[in-house]
Amino acid sequence: MSDNKHHAGHSHEEHLREKHLMLDPLPRGQMNDMVMESMLEKPTWKFWVVVGFLSFIVVYFLFFKWGVLIAKGQGEAGVMRPDYWGIFLVNTVFWIGISHAGTFISAILRVFRAEFRRPFTRAAELMTTFGLVQAGFSIFMHMGRVWLAYWLMPYPNQRMLWPNLHSPLTWDLLAITTYLLSSTMYLFLPLIPDVAMARDRSTGWRKTFYKTLALGFRGTEGEWTHLRNAMNIFAFAIIPVMFSVHTIVSWDFAAATRPGWSSTIFGPYFIVGALHSGMGAAVAVLAVIRGTMKHMKYFIRGEHFDAIGKLMLIISMAWAYFFFNDYMVQWYGGDKWTQQLLHFHEAGPMGWMWFAMLVCNIVIPWAILWNPKWRATPWLVATVGIIINFGMWFERYIIIPISVTINRMPFTWRLYKPGIEVPMGIGTLALFILLYMIASKLIPLIPVWEVQEGQMAHELKKFGRETVVSVSELE
Amino acid sequence: MSNKFSRRDFLKLAGVGAATTAILTGCGPASRFVKREPYMQMPEYTYNGLSTYYATTCRECAAGCGLVVRTSQGRALKVEGNANNPLNLGKTCARGQATLQGLYNPNRVRGPIKHTRGERLYTADANPFQDEFADATPNMDWDAATQAVADALKNHKPEEIAFLMGMAPDHLFDLVTDLAAATGINAPVRFGALSMFESRATLSQAAENLFGHGGLPLFDVGGAEVVFSFGANFLETWLSPVSYTRGFAGLREAKTKQRGTFIQFESRMSSTAGKADEWMPIRPGTEAMVALAIGKLVSDARGITVPHAFSDVDPVVVASRSGIALATLQHLAGIFANSTAALAIPGGAALGQSNGLAVAEAVLALNALAENFGRHGGVFFSALAPNQTEYQRPASAREMQEFAQKMADGKFKVLFVHGVNPVFELPASLDFKNALKGVEQVISFATFPDETAFESDYVFPDHHSLESWGYQRVVTGPAQSVLSGAQPVVSPFYDTRATADVLIAAAQLAGGEFATALPFTDEVEFLRSKIAPLMEEKQSFFSAPDLNTFTAYFQQYGGWWKTSDGRRVPNTSNALGREMSPAEAKFAGEGEFFFVPFVSPTMAEAGANKPWLQELPDPTTTVMWNTWVEINPVTAEELGLLDDDIVKITSEAGVLEVPVYRYPAIRPDTIAIPFGQGHTAYSRYAEGRGKNPADLLGQHFNEAGDLAFAGMKVKIEKTGKQQPLSRLESIMGVYGVGLGEEK
Amino acid sequence: MAIELKISEVKMSAEQSGKWGMVIDQDICTGCQACVAACAMENNISFVGEVDSGYGRSMHWIRIERFWEGEYPEVKMTANQPMLCQQCGHATCEPVCPAFATVHSQAEQLNLQVYNRCVGTRYCANNCPYQVRAFNWRDYKRPEPLSNQLNPDVTVRRVGVMEKCTFCIQRIHKAQDVAKSEGREVVDGEFTTACAQACPANAITFGRVDDPESLVSQLMKQSHGVKHLEELGTLPNVTYFKGG
Amino acid sequence: MIKRLIDWLKKPLGLIAVGIAFLALFSLAAYGISLTQTAPAQPVQFPHKTHVGFGIQCLYCHPGAAKGPSAGIPTEAKCWGCHNQIQKTQTSALLQPLKDSVISGVPLQWVPVAQVADFVQFNHRAHVAAGQNCENCHGDMSKVTVAENPQVFNMGFCLKCHQTVAGDNHELLVKLTDCGTCHY
């Protein structure tokens, strides 16, 4: 797209425009058309092959195997005494972690007016919702009698029975439900102008679909004011929800009496970990969108990867701090079982995973993301993102099944061997990707109005010989 | 509902509806409504929902502990100990507890079967959770069965008829003994793998040699201060484990005296040795000289003349041969000498060697030195059971060899087998299975489809012990003279019949002297005839004016016993005067390892068909559901063996492949395998599980005729195969394997 | 609301001491497994087969632990340690159950496991420092006719449910019921748990710890009694006499 | 062919047919579900009201209720003990199953009406001893022929009564609302 704008001009200015989406404005109509085109583009056969493949995995590995699990019991999984918790909870924490990036990018960066966020807030918010769906699936898979899961909900009954509000799992359920509901709403609000746009540009069932979703949005000043207010309220409100969710997830472990778990630093440690994996996942998703969908190279540029890369680097450093903080606190705690556990982490049969975690989460991000050039290379940053996700999955694996191997009764120590969890975990990943693929064909992945809003606010001003980017304050 | 719409139609429609429901609701609540059958005629002492308790006798081993079984509505629910019975005082062992898993075993013989030798009696599916029956269907009725037994008795010469029975001296043994005495058929032979591993013949013979009078010694562990046990695994399966365990508790529970000291001399640490204050990993074969050396050192410590028995031994040589340092021997002798109530017990693998008799004599001589005979905490002869005049010991292995030889030679035309499974329990080298081929007709009374039943021509299943009448003499354990009584606690679950009833009926059918030998209408009448003389006895736990009341009490209390001490004091005048040989045992076979088979403490010889006994962890290794070989970790390292590696063990008699358990408490030159598994029949829980160490045993005996089961040397080879052993313990937590702390 | 408040008051005062307790003498425990078998027979515990039992899925409510000290020939087997639910006064399993399936019995001062309320999150088992809870990993079937021996006083657990030692609460209830029908209090030693009843060495003593006259209270006063992991503040109700 | 069928199904008559088929299937399913909630027939149409009308006490036939956990169904010997002496009932067609059963020795198969789930340990004795009359839970048997369950025995039913009985007696309330009182 930027090709036809190649006319002679000031080279620095040109460079800035090429680099920054905000300084490279296109007419609203043209951007709308680009987004619509990318969405309505007829899928290639490859798309259908991938969808078919993923659907098969979802149906067989997720739902069929789940049926087997329910029919035969948790014995199909690798859990036992003392590893009562296995990969299902690893995946739960993992997916909740991933879901944090959406809110972080969308809400925190919105609140802090980080302008580079604009083109990909939608993709990130989708990640929140879709990730939470997988987390929910994973935690339900974990339950021995999932058909009675509704007992965890407070509802009036003649038995005078309520969920136990002492239990971190009850807090968890409430937190995750709140988070799922609020993040879905927070996904929906910024979507309204875009579906309204799509409604005006589509026919047939899509028109009905968008019409329903758009809630009659016409873009009047009043509507925009209300929408902006609502989004602002949500952006502020969802941040504490986000922080609370992963803190509460961490309390599942921190509130327990197990060695290695009862750690006061777990709350922030988990949140930083969640952002770490979430940013990694977000950047991978962006790279895929940019690579596979039409016109996306205009919207998602190196500058975005660069900006997220910087964030990833900082978060990686924060994670490293919290990791060693946690380690030190536990080490100096002097409890013999905890020391045994820390030793087991690195020297035990799963020690490779402990070191791989450190390499994936610290060494590789630090080695690559410090370099601005590499940082602006989409595939490289995306690869780092995926590696970080492996590292973070390892981290949760170490915290859950490996740590519970060591308890205060050495007579029971036993190493966990996963069973049906592996295919079912792959099933959740497939469902996550599948939902994204379906969403890419149904809703505009780029919030055009937000991009345009940004572009309107940005301009290049000349002060003397210097070209300076100025951003006008938006109402 | 109209009359035209019949009930049948209604049910059809209901069926369609139910099917639809099942599909639509995903097979929801399966059977919400059940049917209940009331009693036709309820016994007046019972109420619905309230349990009835019956006293009976445990038949899982030959000890004869009293049980009280909780029943409800015709089902046996729980086995508890009979607190009245002086043998076990309300306690039971694990095997007793699991009796019910035998009663309700899914693979019992369900009725009389005419059977082709070698054919299976149940299908081979070993799925422990499968629900369907797969047992052989009974193909004859009991009249025909009785006729078959009668024919077998009538149509053969008396000397061609043999009875092989279980170890327990019970009413059936008395019945067959009476029959044999009256008709001239061969006297019944009693045998059990436990008696083989306990070396009862050796104990009795040693007592005879020393005291001039045979019998089973009783060791009052509870009253002693110091106990030296030479291989006796009295906390596991030895003689009467429940009463000896109570004795051990008495030794340790310091109520009136110091906490007793317990030293075990054994080449591997058994679970008995695990409870010892000091375990002496003695070199196999040197038990006799160690006992004699201690005797000598005790004499020295006491400053008395060394008795003749201990004069031939040189403690310095003993120290070098046995692997116990001289200082340790002196220290032990000091402990023994300084105690006023010291006790030495011979047993287990120490007796199952070529010099087993010498070991038993030497250890008994130690007791003579301690002058503990007839004293609290000393050695007695066990009280004889009420209707017993002398100790009737089960057949020794050599007698079994002779028995098998007679079978193979065709001397026996008919063999009746009851309560024992010789094909499994005897060493494979004795080849009982082939010897059976020399017998024209083998009639098994097996309750369970065991290996011997598979090789029989008829299987006429006896009731399970909880469905049976009877009594059992208590051979050893309590101070009193005890006859444990048995009665059915539930009605027979299958079409089985009491063997005593079958024999009585068959004897009547056979007529002649058979009929006069057993002039009873049924088993119960026979029992009453045997119990009746007890009414005359003095110092009885209960008495009654007439036989009916007496029998009722007999059932209610679970037997009959005296209130007085019936233990006899051995005559020890010559005990220390005998010359005793400090020679080492000889070992058969080539190989670098001493081989010690031991009876699985949880399973014993007949527990393998009970799933919960299979799932009980072994007390020392915590292995479940399988057989293992114990090898010292140092030896294992030298041989390049890790846990779960399968090794091939070769003896002169056979070969066995068993997974390794690196056992830290066994001599590096010794390996040990538990006995109890390795069945090729005996229900889905037992079959194909583990290995039978009896396959490795050769035909070597000690002087008393007991099998020298611990007198073999074997070779070990690594096979490269692996089989993970199911352990309750954590290898990581207990042995530090896999924690990253290995060298 | 009023009811709940009162209940919590009871709890505060009852935390000082339990009601039922056990003393286990490790010195005389021979590790013979009679208690394990008796418990399984009394409480309808499933057997799980070779593979699952080797993978830490055995359902023993009581297990006997033993370790090793030293190396051959100075090796010693540590005293057998029967490990069962300690019926903590301040149990770590209780607060973490989201469904109140594992709750403290105010009446009997036991840690209850309400099978029919359990949804199978397994948090309680994870949080139990003694690792004495058993989970029904599968529907372990008892082939017919083995099911005939099922104890009608104890619920047969199904797949996906946590279970553990109950101190034979069915026997407690039965004894109380009998005593009440005869208009008296339960006498010490009138009944006992299945494990204590079977133990050939009499190493297990069970009874009221809130009755200073009971045998178990007398034994608990002995100086060599220890409670496991007491430092966690779990207030266990099982006292161990260490061996030797 | 199929196309014509589909075309027809789209017409009003076809739509009605689809509707009817759907309703039929739905009703069959609903009926099926209700079947699982309906007890099968009793072997004898036992008239409770007649027996109660003769003044026979509940505990005469169900003595277990005062002794232990289970009230129990009377033995056939007990039934026949009376009915054998009554001319009319010796020949009654309604009682033929009982007579057959007594002669053949094959017990009748009754369908229990009042049941609690298997995870509830209910003890009749304690309730009878506490002064609860049978009809408090089982309804007035003098009004019914074949026994029916007047209420669902669910936890709410039990708890409501337990709370009422306990009243202000706090210790009793704790005992009666303790999970371990019924579930173990």
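Two residues are taken to be in contact if their C-beta atoms, placed from the backbone, lie within 7 Å. On that basis, in this predicted model, 56 residues of chain B are in contact with 44 residues of chain C.

**Chain B where it touches chain C**

- By residue class, the side of chain B that touches chain C divides into 32 nonpolar, 13 polar and 11 charged residues.

**Chain D: elements and overall form**

- Chain D has 13 helices and zero strands, so that, read from the N terminus on, its elements run α-α-α-α-α-α-α-α-α-α-α-α-α.
- Chain D is more spread out than a compact globule, because its radius of gyration is 24 Å, well over the 16 Å that the globule rule gives for 184 residues.
- Taken along the principal axes, the box that the C-alpha atoms of chain D fill is roughly 75 × 55 × 30 Å.

**Chain D: burial and contacts**

- Among the 184 residues of chain D, 18% count as buried.
- Of the contacts in chain D with a separation of 6 or more, 60% are accounted for by residues 24 or more positions apart.

Note on methods:
Residues are numbered from 1 along each chain as its sequence is written. Chains are lettered from A and ligands numbered from 1 in the order in which they are written. This is a predicted model: local features need pLDDT of at least 70, side-chain atom pairs count only at pLDDT 80 or more; totals for chains, interfaces and linings use all residues. Helices (H or I, at least four residues) and strands (E, at least two) are DSSP runs, numbered from the N terminus. The radius of gyration is taken over C-alpha atoms; the globule rule is 2.2 Å times the number of residues to the power 0.38. A residue is buried if 20 or more other C-beta atoms lie within 10 Å of its own, exposed if 12 or fewer, and partly exposed in between; C-beta atoms are placed from the backbone. Ala, Val, Leu, Ile, Met, Phe, Trp, Tyr, Cys and Pro count as nonpolar, Asp, Glu, Lys and Arg as charged, and the others, Gly among them, as polar.
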